Amino acid sequence: MSKKVLVTYATKMGATAGIAAAVGSELRAAGLQVDVQELGAVQAVTPYGAVVLGSAIYEGQWRPEAVRFLRRHERQLRNRPVWLFHSGPIGPSRHQEQPVPPDVARLARLIQAPPVKTLAGELQADAVTHHRDLERLVGDSRDWQEIRAWAHQIATTLEPTRQPT
Ligand SMILES: Cc1cc2nc3c(=O)[nH]c(=O)nc-3n(C[C@H](O)[C@H](O)[C@H](O)COP(=O)(O)O)c2cc1C
């Protein structure tokens, strides 16, 4: 099977795209071939030997296109290593693991993915115009060190090809 890794994501405001880009950079630095693409641009997972898939969380749910993607590609995803993450918690709760929505949990079990990784997110001012209660949480809580460490673990599992220096 191809060694190429797909890093794909569902976002509303862009924070999850930034996380996916950082995961992709770390995997590349470890010598892996990587495509980073928004879910809508992915035609098939068959060209890839492994998949990292993430979604932003809104009101406790994954973005609908991410759930649809897992459902549509379930059989192919089951046949390759898959890592799932969600981008959500912000502010003082940024390190709090978030519950996995039941529809995603069911699909993750079918795919035999390891536990979904919670990564802190970013709340943009534009996102809270109709949610005054969230205004005080506006800001970027993404933890680049944690993101890189998680991606590094994935790279280690995938037997990276980087030559020792
Ligand atoms: C209306 C609204 C609801 C949200 N609900 C949740 C939630 O239930 N759980 C969570 O962890 N984060 C929640 N968030 C935070 C976002 O998931 C977080 O900002 C995320 O990083 C945004 O990703 P995106 O920019 O890729 O869309 C919410 C944000 C907004 C604006």
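In this predicted model, Gly54 stands opposite Phe85 of strand β5. That pair belongs to a parallel arrangement in which six bridges link β3 to β5. On its other side of the story, Phe85 also stands opposite Lys117 in strand β6, and the parallel pairing of β5 (residues 82–87) with β6 (residues 117–119) spans three bridges.

Strand β5 itself is mostly covered, with six of its six residues buried. Val82, Leu84 and His86 point one way from the strand, while Trp83, Phe85 and Ser87 point the other way, and all of them are buried.

Strands β1 and β3 (residues 50–58) run parallel and are joined by six bridges. A further parallel pairing, of five bridges, connects β1 to strand β2 (residues 34–38); here Leu6 has Asp35 of β2 as its bridge partner. Helix α1 (residues 15–29) forms a right-handed β-α-β unit together with β1 and β2.

How enclosed is strand β1 by the rest of the structure? Buried residues are those with under 20% relative accessible area. Six of the six residues of β1 (residues 5–10) are buried, so the strand is largely enclosed by the rest of the structure. This holds for both directions of the side chains: Val5, Val7 and Tyr9 point one way, Leu6, Thr8 and Ala10 the other, and all are buried.

Technical notes:
Residues numbered from 1 in each chain as written. Predicted model: local features only at pLDDT ≥ 70, side-chain atom pairs only at ≥ 80, totals over all residues. Heavy atoms only, no water. Buried < 20%, exposed > 50% of the residue type's maximum accessible area, 1.4 Å probe, protein only. Helix = DSSP H or I, 4+ residues; strand = E, 2+ residues; numbered from the N terminus. Pairing = 2+ DSSP bridges. Right-handed = clockwise from strand over helix to strand, strands pointing away.
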